[in-house]
Amino acid sequence: MDFLWQGILSITWQQLVMYVVGGILIWLAIEKGFEPALLMPMGFGAILVNLPLSGVINQVSEGVGEVPGIIQWLFETGIEASEAMPILLFIGIGAMIDFGPLLANPKLFLCGAAAQAGIFLTIILATALGFDLKDAASIGIIGAADGPTSILVSQVLKSKYVGAIAVAAYSYMALVPIIQPMAIKMVTTKSDRQIRMPYTAQSVSRRLRILFPIVVTVVAGLVAPASVALVGFLMFGNLIRECGVLTSLSQTAQNELANLITLLLGITISFSMKADQFVQPETLMIMGLGLVAFILDSMVGVLFVKLLNLFSKNKMNPMVGAAGISAFPMSSRVIEKMGQEADPQNHLLMHAVAANVSGQIASVVAGGVVLQYFANLA
């Protein structure tokens, strides 16, 4: 009992805050179903690493020396030393994505590109608020709506706020069904949301589906070489899916590999959620800037489609532009639901899916561009 009381009395108020943060993440995962595969291990890990003298992080024991902790070892091996876990996760993500709707309507590539503008606008804003360039770039990438990319960029740039950035990225990804409708309604009218986009199914040849991931990897590698790890592994996963001769491996990548890496990534990133690092005024600023990045991405995507409509005979529903963020497939579902609310006969899902998978490519390319430019400055 003495040891128990000593442990309780050694808990700091910052650690108590982290227990609450961990509890909230677990609650969001279980009760609300928001990204449970990531928020639950992150929440539980936040509690683990903030226990006094926690055995999951390295400790120096008298007479024994340094005793390695499992979460710190996973972090140093799988994220800090090699960035292996977030990159490997892209194989599973790529294997899940069907680029067919996008290939059938290539102009929706533009939506994915436009919807990344929030990243760079937020970098400017974060810099203006006093963050140094590498931290500002890491914060801005939250707007990619892509958790693994956010973790990878912030880790490569050696940001001091990896934990806060990871929490913000995954929390706002989970809150897309709440955030996006608000952002979209700020820049659209009901008549905008009622615009119909007839969808005619178009077959995409197997040859094109196979060539697409190869060509995208080569082009992205030439434009932004730092993006090759991100884009290449995403496209490799998609090539496994589309080649037609690796069906069992494709299923493994989509299920066992993606689930295992997601689980380990969630609990591993909690190492950067230690109370002394996380409970800082900057964390609240990062959460706020992350929200701004998400809202700006959605709004710029909508405004971009409105601009295109000025010069186009066949009008696009502006909401499809908001699906250009990387939160796949949640954003697509949000757009379909909002289209149905405005007009029960309006079906935008396939168009939104095309823009959404375009955003998946654009987000990893944007991450590569940020690394290409800011890694040299850092």
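Predicted model: local features only at pLDDT ≥ 70, side-chain atom pairs only at ≥ 80, totals over all residues.
## A serine in helix H10

Ser-150 belongs to helix H10, which covers residues 147-156. With a relative accessible area of 0%, Ser-150 counts as buried, because that class takes in residues under 20%. A polar atom of the Ser-150 side chain lies 3.4 Å from the backbone oxygen of Ile-141.

## The largest pocket

Rolling a probe the size of a water molecule over the atoms shows where empty space is left. The largest pocket has a volume of about 620 Å³, and it is lined by 24 residues, of which Glu-35, Ile-93, Met-96, Met-173 and Phe-328 are the closest to its centre.

Several helices take part in the lining of the largest pocket, with at least two residues each from helix H3 (36-48), helix H5 (84-96), helix H11 (162-174), helix H16 (247-268) and helix H20 (330-342). The largest share, four residues, is that of H16. Sorted by class, the lining of the largest pocket consists of 16 nonpolar, five polar and three charged residues.

## The second largest pocket

The second largest pocket has a volume of about 330 Å³. Its lining is made up of 18 residues, and those closest to the centre are Val-21, Phe-278, Thr-283, Leu-284 and Met-287.

Which helices each supply at least two residues to the lining of the second largest pocket? Helix H2 (13-30), H11 and helix H18 (281-309) do, and H2 gives the largest share, five residues. By class, the lining of the second largest pocket holds 15 nonpolar and three polar residues, with no charged residues.

## Cysteines

A disulfide is a covalent bond between the sulfur atoms of two cysteines. When pairs of cysteine sulfur atoms within 2.5 Å are looked for, the count in this model comes to zero disulfides.

Are Cys-111 and Cys-243 buried or exposed? Cys-111 is buried, with a relative accessible area of 1%, and Cys-243 is also buried, at 14%, because both values fall under the 20% limit.

Conventions
Residues numbered from 1 in each chain as written. Heavy atoms only, no water. Buried < 20%, exposed > 50% of the residue type's maximum accessible area, 1.4 Å probe, protein only. Polar contact = N/O pair within 3.5 Å; in protein donor to acceptor, adjacent residues only side chain to side chain. 1 Å grid on protein atoms, 1.4 Å probe; cavity = no way out; pocket = protein on both sides within 12 Å on 5 of 7 lines; lining within 4 Å. Points joined across faces, edges and corners; volume = space filled by probe spheres on them. Nonpolar A, V, L, I, M, F, W, Y, C, P; charged D, E, K, R; others polar.
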